[in-house]
Amino acid sequence: MVNFIGTFSVIPSLPKKLETLREIAYNLYWTWNHDARELFRRMDGQLWEDTNHNPVLLLGRISQDRLGELENDYGFISHLNRVYVQLNVYLQEKTWYSKKYGDNQETNIAYFSAEFGLTECLQIYSGGLGILSGDHVKSASDLGLPFVAVGLCYKEGYFQQYLASDGWQQEKYTLTDFYNQPMELVTDDTGRPIKITLDFPGRVVFVQVWRILVGRVTLYLLDTNVAENSDGDKKITRALYGGNMETRIQQEILLGIGGIRALHALGIKPKVCHMNEGHSAFLGLERIRYLMQYEKLSYEEAKTINFYSNIFTTHTPVPAGIDVFSNDLVEKYFGKYYREELKISDTEFYKLGTIIRDEEPANFNMAHLAMNTAGFVNGVSKLHGEVSKKLWVDGFKNIPFDEIPIDYVTNGIHTHSHISNEMQDLLLRYLGDKIIQDPSDIRAWSRIDEIPDEELWRTHERRRERLVAFARRRLRNQIENRGGSPSDIEAAKEVLNASALTIGFARRFATYKRANLIFKDLERLVDLMMNPEMPLQLIIAGKAHPRDEEGKKLIQEIYSIAQEENMRKRIVFLENYDMNIARYMVEGCDVWLNNPRRPLEASGTSGMKIIANGGLNFSVLDGWWDEGYDRYAGWRIGSGEEYEDSDYQDEIEARQIYETLEKEIIPRFYQRGEDKLPRGWIEMMKASMIKLGPEFNTNRMVQEYTDKFYIPSYSKRKYLSLDNYKDGKELALWKIKIFKNWSEIKFLDIASETKQSEVKVGAEFSIKAKLRLGGLSPEDVDVQIYYGKADDKNKAHSNEFITMELQGKTADIFDYIGVIDCEKTGNFGFTLRVLPKHEMMINPFEMGLIAWA
């Protein structure tokens, strides 16, 4: 093996007039600026495609002769100058955040995710979580948040998919040349890479940092492929979701602990940290360690202060989606860390890895670690918030279900990244640039009705035509790569019909997503697809995890059906699903099909991407569609039922798919007047855009995160840090006092002041109570009446509470009184409870303490 003794970098040589191309290429603002993308395509259309839409690689490969031509092309120079001005105006203009919260940039929100889907040439994502992370960062840029993001720099990224001749998924891994990507190595003043270190068992691991500019936001990626590391440690960041459990814990240590250290090394000390899924949860430990080492706080003080400025977003509705490590593996990597750095016992440390407080932890759960170190916890849709409470209800014993402290913020998509050029131009023409400046503006979307039906329909038809042309090209390449016959390659030119009703299905091939549900009654589906007057066609894409045999079987089943002679022109499976394929599909499909098993889709965002493009959703009422469904804006599968018998569920819901297609979707699409326009269909397109467009986007989502979590987190962090953490230290002591004395709380007497057993509507029902608080004072607690209809006492969201007032004190006994306003008829029950109370608490249940009468 050859070992190089030195390295050097070669960068594109650009004429002076074209030098601004470099600045444009290295800021991913071009990924959602259609004019910028057209600029690069204009340089060399075929090379733009060959480089997988990578402007840095394009600049490196384009010939000097072509650059000379462009330098003297006044039209191109004008286009270049226009895009450069657009970039600089974008970077300098006032933003939503600065208008609402001022220009204070010290908030420093740091967002951590294991993957980021920013553009197809950057292979650091696998699916929905990564796309959501990328869109979150883009909207943080649009809104002007003081925001940085942290991820890992995968040399291989996620696998590239291709199908064998029998339809079985194969995987190949390609290495990414970071020096030919829109990213740069972070260096010091001398040009040397900035590196941090991590203590791993028996060795030190070195980490370098890459920087990606995403509009106004910087994304930092951590990379262990450096000379100082062993071959094994160089591979820690080799593959996304690759390797074994030891690889996974190494990556998560790197993301969480390494991420915090990297930011500090760059002079960035975030006030607020947002964990997007539990992969980065170790950052909670590192933030504690930092305050202990550099601010000389105790473990309890540091833990308490950090708790109020950490946010955890969960994306999984099932335990299998959470990383859980054995205690032995955790001890291997953290034994020294918790003993010497955190200075706590093994009992204290391992309790951080579980929310089950009354059992010895059998393993270390990353979601539980995040929940134990983050004051703000949320799911990613309204339904998922409820599902998350069910998932973790055992960790909140004695707390009523609807009061379990798990919130929700429904996901969205970065509209400008997923809307077609043509549709965006149409919206700009009729709605103005407000739709660009603020995709969450309801008033802007409400003007969709002003767009003439003919223009909206023709714009959408052009995108369907381009989707069909794209699918034919991809299919032809797939057949060629598979060694197909010349006749099969030639036949690929005739698949699909550019005018036919086109349904798209593209997502990860997990079994719960039921990609084969529409094929359950193949004979009935064939009848629908083969109607010469009203044809139907399907375009399908998606990857199964390399170790998911059942998912691969689904792909093989669909591939086999698509190879049948009568189906070849009606069904196409596009291999190697990525952001480029997704772009063509969401821009060109008429209907987006989604049929997961409810409630296993936490949110789902693929269906959101077709909204601004004029597509319509046809989905199970799960995730975001449970909130978004409107009979005038799309179709539903089922009515929100959940089944124990999955075979029965498949039978029922497959039948509903066929019936809805046959009786509603297909007839509406093909119902045309003399002008050949499907007016009823266009009416639904407009209704979908008006109702769903302003709601299901990441600008609304990030605004919600900011108002609900980021700003409150920052405010608490700032307050607790004043005067050398004076209030933070006092809060930690207060919590210790509460835990120590909680068991001393006793209800001594409860009596109703209202003598009658029945009261009339509008009357008051008074209750008095005598309590002993032990070592606590009335200022430490909130004494409440908890009441509701007797028959619904265990039904979520059925009960209410009111705070009782302190009336007096005799010795160590406190007297309280409370009044229930009787506004409804029925048989009601009540009880009393005591909760901790402090002005800094996010919610009264965060300590897990509650004393019931």
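These notebook entries record what I looked up in a predicted model.

Residues are numbered from 1 along each chain as its sequence is written. In this predicted model local features need pLDDT of at least 70, side-chain atom pairs count only at pLDDT 80 or more, and totals for chains, interfaces and linings use all residues, while side-chain values use heavy atoms, without hydrogens and water.

**Entry: helix α29**

I examined helix α29, residues 698–741 (helices are DSSP runs of H or I, at least four residues, and strands runs of E, at least two, numbered from the N terminus). At the start of α29, a side-chain oxygen of Asn697 comes within 3.1 Å of the backbone nitrogen of Asn699.

**Entry: two loops**

I looked up Pro599, which is joined to Arg598 by a cis peptide bond with omega of about 5°. Pro599 sits in the loop between β18 (591–594) and β19 (616–620). I then turned to His797, in the loop between β23 (781–789) and β24 (800–803). Phi of His797 is positive, near 60°. Most residues other than glycine have a negative phi, and most peptide bonds are trans.

Notes: The expected span of a helix is 1.5 Å times one less than its number of residues. A polar contact is a pair of N or O atoms within 3.5 Å; within protein, one must be able to donate a hydrogen and the other to accept it, and residues adjacent in sequence count only if both atoms are side-chain atoms.
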